[in-house]
Structures are given as structure tokens and as C-alpha cells.
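Let's take a friendly walk through this chain together. Keep the viewer open and turn the model as you read.

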Amino acid sequence: MSKKNQHVVPYPDGWAVKSEGSQRAASVHQTQREAIEAGRQSAIGNRSELLVHGRNGQIRERNTYGSDPYPPKG
């Protein structure tokens, strides 16, 4: 099972979900909300992290759907 993080990023036709390190979008959606939901489902299935980017490209939210140790080490 891949552990690639999922990124929701701005795209010319709306918003895209991309796997980390991938050049191509896994899916494209008209709204950011739709893209976040699709990215969340993919991150849950991959037990990875979802990173939501704003229009300026900066990460504005991140959620982990894998093994996230609590309390954090360090």
C-alpha cells in the first residue's frame, strides 16, 4: 500500500488532488470542497496525510489519516 501524501492544489479548471511526487492530477474538481473530500477519501485509503493548499499555493491545512503517534516524539 502506498503512503503517498495527497495534496489539494489550485488547478486551471478548479481544484486538483495530486499524490505527492506526481506530475499528473489524480482528479480535478470544480470546488475546493469537492477536492478536499476526494483527497480525504484517498488519504484514508492510503493511511497517509492530506495537505490542503490555498489559492496562493501555501499549505493552509493538514490532516493525518495514518498512524500518528500521540504524544508526538521529541
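A residue is called buried when its relative accessible area is under 20%, exposed when that area is over 50%, and partly exposed in between. With that cut-off in hand, look at E49: its relative accessibility is 16%, so E49 counts as buried. Please keep in mind that this is a predicted model.

The secondary structure amounts to 1 helix and 5 strands, and reading from the N terminus the order is β-β-β-α-β-β. Of the 74 residues in the chain, 31% are buried. The chain exposes about 5,100 Å², and carbon and sulfur atoms account for 46% of that area. If you take the contacts between residues at least 6 apart in sequence, 32% of them join residues at least 24 apart.

Strand β1, residues 6-11, pairs with β2 in the antiparallel sense over 6 bridges, and a hairpin of 2 residues joins β1 to β2. To find this pairing on screen, pick V9, whose bridge partner in β2 is A16. β1 also pairs with β4, here in the parallel sense and over 3 bridges. On that side, H7 stands opposite L51 of β4.

Which residues make up the largest nonpolar core? This core has 8 residues in all: V8, W15, V17, A35, I36, A43, L50 and V52. At least two residues come from each of β2, α1 and β4, and the largest share, 3 residues, is supplied by α1. Setting aside neighbours within four places in sequence, the contacts of V8 include W15, V17, A35, I36, L50 and V52. V8 also touches A16, Q32, L51 and H53.

Next, follow the chain out of the helix. R47 sits in the loop between α1, residues 32-46, and β4. Most residues other than glycine have a negative phi. The phi of R47, by contrast, is positive, near 55 degrees. Its relative accessible area is 41%, so R47 is partly exposed.

What does E49 touch, not counting residues up to four places away in sequence? The list is N5, Q6, A43, R62, N63 and T64. A43 in that list is also a member of the largest nonpolar core. With R62, the link runs through the side chains, which are joined by a polar contact of 2.7 Å.

N63, another residue touched by E49, belongs to strand β5, residues 59-64. Is N63 buried or partly exposed? With a relative accessible area of 24%, N63 is partly exposed. Leaving out residues up to four places away in sequence, N63 touches S48, E49 and L50. The side chain of N63 also makes a polar contact of 3.1 Å with the side chain of E61.

Terms used: Residues numbered from 1 in each chain as written. Predicted model: local features only at pLDDT ≥ 70, side-chain atom pairs only at ≥ 80, totals over all residues. Heavy atoms only, no water. Buried < 20%, exposed > 50% of the residue type's maximum accessible area, 1.4 Å probe, protein only. Polar contact = N/O pair within 3.5 Å; in protein donor to acceptor, adjacent residues only side chain to side chain. Contact = heavy atoms within 4.5 Å. Helix = DSSP H or I, 4+ residues; strand = E, 2+ residues; numbered from the N terminus. Areas by Shrake-Rupley, 256 points an atom, 1.4 Å probe, with all protein chains shown as cover. Core = buried A, V, L, I, M, F, W, Y, C linked by side-chain atoms within 4.5 Å. Pairing = 2+ DSSP bridges.
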